[in-house]
Amino acid sequence: MNALDESEFSWTDTSGDDEWVLSSDGIGLSIQPDTQKRWENTAENLDGAPSLNYLVKINNSGTYYLFVNMSAPNDNADSYHIMVDGEYCYTHNDGDMSGKNLWKTASVGIELTAGEHTLTIVPREDGFVVNQIVLTENKNAVLS
């Protein structure tokens with residue numbers, strides 16, 4: 001689901017000059033302009049940061065792992081924060097994660113109850129590109 005469609009199931013939030021746009025290759029969503037702006041990893045600092053939001057329906061309570069297919073032009077646009085239902089969960093910043101169409105996971109389990117939840121991805125730096133996401137109970141999933 002494309003968050004740029006602004007549906008009840010996926011949507012973007014931005015403020016100021018920040019804007020989610022289709023990436024140059026037409027595959028993902030990128031936060032622009034790329035001015036090396038940063039949003040650090042404390043819940044208070046993420047309030048008002050640009051975000052991609054997805055409404056997910058969980059059938060079985062359990063521990064879930066988020067995999068993100070991302071494209072980062074450099075190490076100044078290659079990390080992100082995860083929130084669930086408006087609560088900060090973790091930051092994925094594992095050294096230089098730059099590259100194109102890479103599947104990344106922080107291997108951090110998220111405890112989710114059965115029902116609907118809002119999964120939010122907040123870039124740590126502008127220029128970051130999200131191509132796809134997978135939420136799974138398989139911590140060791142291999143995606144291609």
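Modeller: A residue counts as buried under 20% relative accessible area, as exposed over 50%, and as partly exposed in between. The model discussed here is predicted.

Colleague: Is R38 buried, exposed or partly exposed?
Modeller: R38 has a relative accessibility of 38%. Buried requires a value under 20% and exposed a value over 50%. R38 therefore counts as partly exposed.

Colleague: Which residue forms a salt bridge with R38, and how far apart are the N and O atoms?
Modeller: A search of the whole structure finds six salt bridges. One of them involves the side chain of R38. The partner is E125, and the N to O distance is 3.8 Å.

Colleague: How many residues apart in sequence are the parts tied together by R38 and E125?
Modeller: R38 sits in the loop between β3 (29-32) and α1 (43-46). E125 belongs to the loop between β10 and β11. The pair therefore ties together parts whose separation in sequence is 87 residues.

Colleague: Is E125 buried or exposed?
Modeller: The relative accessible area of E125 is 1%. The cut-off for a buried residue is under 20%. E125 is therefore buried.

Colleague: Which residue forms a salt bridge with E40?
Modeller: E40 is partly exposed, at a relative accessible area of 30%. In its salt bridge the closest N and O atoms are 3.6 Å apart. The partner is R124.

Colleague: Which loops hold E40 and R124?
Modeller: The pair ties together parts that are 84 residues apart in sequence, because its two members lie in separate loops. For E40 this is the loop between β3 and α1, and for R124 it is the loop between β10 and β11.

Colleague: Which residues make up the network of salt bridges?
Modeller: R124 also forms a salt bridge with E125, with the closest N and O atoms 3.1 Å apart. Both R124 and E125 are buried, R124 with a relative accessible area of 11%. The network of salt bridges links R38, E40, R124 and E125.

Colleague: Is the aromatic pair of Y80 and F128 stacked, edge-to-face or tilted?
Modeller: The model has one aromatic pair. The ring centres of Y80 and F128 are 5.6 Å apart, with 35° between the planes. Planes under 30 degrees apart would count as stacked and over 60 as edge-to-face.

Colleague: Where in the chain do Y80 and F128 lie, and how many residues separate the parts they tie together?
Modeller: Both Y80 and F128 are buried. Y80 is in strand β6 (residues 80-84), while F128 is in the loop between β10 (115-123) and β11 (129-136). The pair therefore ties together parts separated in sequence by 48 residues.

Colleague: Which strands are the edge strands of the open sheet?
Modeller: The open sheet has five strands in the order β1-β4-β10-β6-β7, with antiparallel pairing. An edge strand here pairs on one side only. The edge strands are β1 (10-13) and β7 (87-92).

Colleague: What does the twist average from one strand to the next?
Modeller: The order of the strands is β1-β4-β10-β6-β7. From each strand to the next, the twist averages 25°.

Colleague: Over how many bridges do β4 and β10 pair?
Modeller: Strand β4 covers residues 51-58 and pairs with β10 in the antiparallel sense. Within this pairing, Y54 has L119 in β10 as its bridge partner. The number of bridges between β4 and β10 is seven.

Colleague: Which residue in β10 is the bridge partner of V84?
Modeller: β6 pairs with β10 in the antiparallel sense over five bridges, and with β7 also over five bridges. V84 stands opposite E87 in β7. In β10, the bridge partner of V84 is L119.

Colleague: Which side chain makes a polar contact with the side chain of T12?
Modeller: T12 lies in strand β1 and is buried, at 14% relative accessible area. Leaving aside neighbours within four places in sequence, its contacts include W20, S51 and N53. The polar contact of its side chain, at 2.5 Å, is with the side chain of E6.

Colleague: How far apart in space are P73 and T12, C-alpha to C-alpha?
Modeller: P73 is in the loop between β5 (62-72) and β6 and is exposed, at 54%. Residues up to four places away in sequence aside, P73 touches D34, S98 and G127. P73 and T12 are 61 residues apart in sequence, and their C-alpha to C-alpha distance is 21 Å.

How values were computed
Residues numbered from 1 in each chain as written. Predicted model: local features only at pLDDT ≥ 70, side-chain atom pairs only at ≥ 80, totals over all residues. Heavy atoms only, no water. Phe/Tyr/Trp six-rings, centres within 6.5 Å; stacked < 30°, edge-to-face > 60°. Helix = DSSP H or I, 4+ residues; strand = E, 2+ residues; numbered from the N terminus. Buried < 20%, exposed > 50% of the residue type's maximum accessible area, 1.4 Å probe, protein only. Pairing = 2+ DSSP bridges. Axes fitted to C-alpha atoms, helices over the stretch in contact; angles between N-to-C directions. Polar contact = N/O pair within 3.5 Å; in protein donor to acceptor, adjacent residues only side chain to side chain. Contact = heavy atoms within 4.5 Å. Salt bridge = Lys/Arg side-chain N within 4 Å of Asp/Glu carboxyl O.
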